[in-house]
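Below is a short briefing on one protein chain.

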Amino acid sequence: MKTRCAVVRMRLPGVESVDELGPRLSSHVETCLTCQAEAARYRTLRRHLGALASETIEAPDTLVSAVAAQIQHPAAEDRRGTMVRRAAIAASAAAGAVAAAGAGTIIVIGLRRTRSAA
Ligand SMILES: [Zn+2]
């Protein structure tokens, strides 16, 4: 990988467009297919993340009461199993609360893996 390609890869996540990279890096992107592909991935990522901002995900009406009931009255098990169940319920609730942020992170990880494979 060329040094300029590496610099472009490092800076692309922090800019809105290639023009913000400065004249030298912008002109490099104009002639480098690898960096053009990387910039296109970031444009796609920004478009998908922008779409998430307007998306509303509603939890079922019974979610809070079901989670609270499981935490307060877990199924009869040994103490260790109860602790594991409570931790799993808490983790599930937390995962639901950060679903949108998690989706963005997954997209970023996917992009990085795609870059590493190229
Ligand atoms: Zn390049």
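In what order do the elements of the protein chain run from the N terminus on? They run α-α-α-α-α-α, and the secondary structure comes to 6 helices and 0 strands; helices (H or I, at least four residues) and strands (E, at least two) are DSSP runs, numbered from the N terminus. The model is predicted: local features need pLDDT of at least 70, side-chain atom pairs count only at pLDDT 80 or more, and totals for chains, interfaces and linings use all residues. Residues are numbered from 1 along each chain as its sequence is written.

**Chain totals**
- Of the 118 residues, 8% count as buried (20 or more other C-beta atoms within 10 Å of the residue's own, C-beta atoms being placed from the backbone).
- Among contacts (C-beta atoms, placed from the backbone, within 7 Å) with a separation of 6 or more, 49% are between residues 24 or more positions apart.

**H1 and H2**
- Helix H1 (residues 3-11) packs against helix H2 (residues 23-31) at an angle of about 105°, with axes 10 Å apart; axes are lines fitted to C-alpha atoms over the stretch in contact, and angles run from 0 to 180 degrees between N-to-C directions.
- H1 and H2 are therefore roughly perpendicular to each other (65 to 115 degrees).
- Arg4, Val7, Val8 and Arg11 in H1 meet Leu25, His28 and Val29 in H2.

- Beyond its neighbours within four places in sequence, Leu21 is in contact with Val8, Arg11, Val15, Ser26 and Val29.

Notes. Parallel < 35°, antiparallel > 145°, perpendicular 65-115°, else oblique. Contact = placed C-beta atoms within 7 Å. Buried ≥ 20, exposed ≤ 12 C-beta atoms within 10 Å, placed from the backbone.
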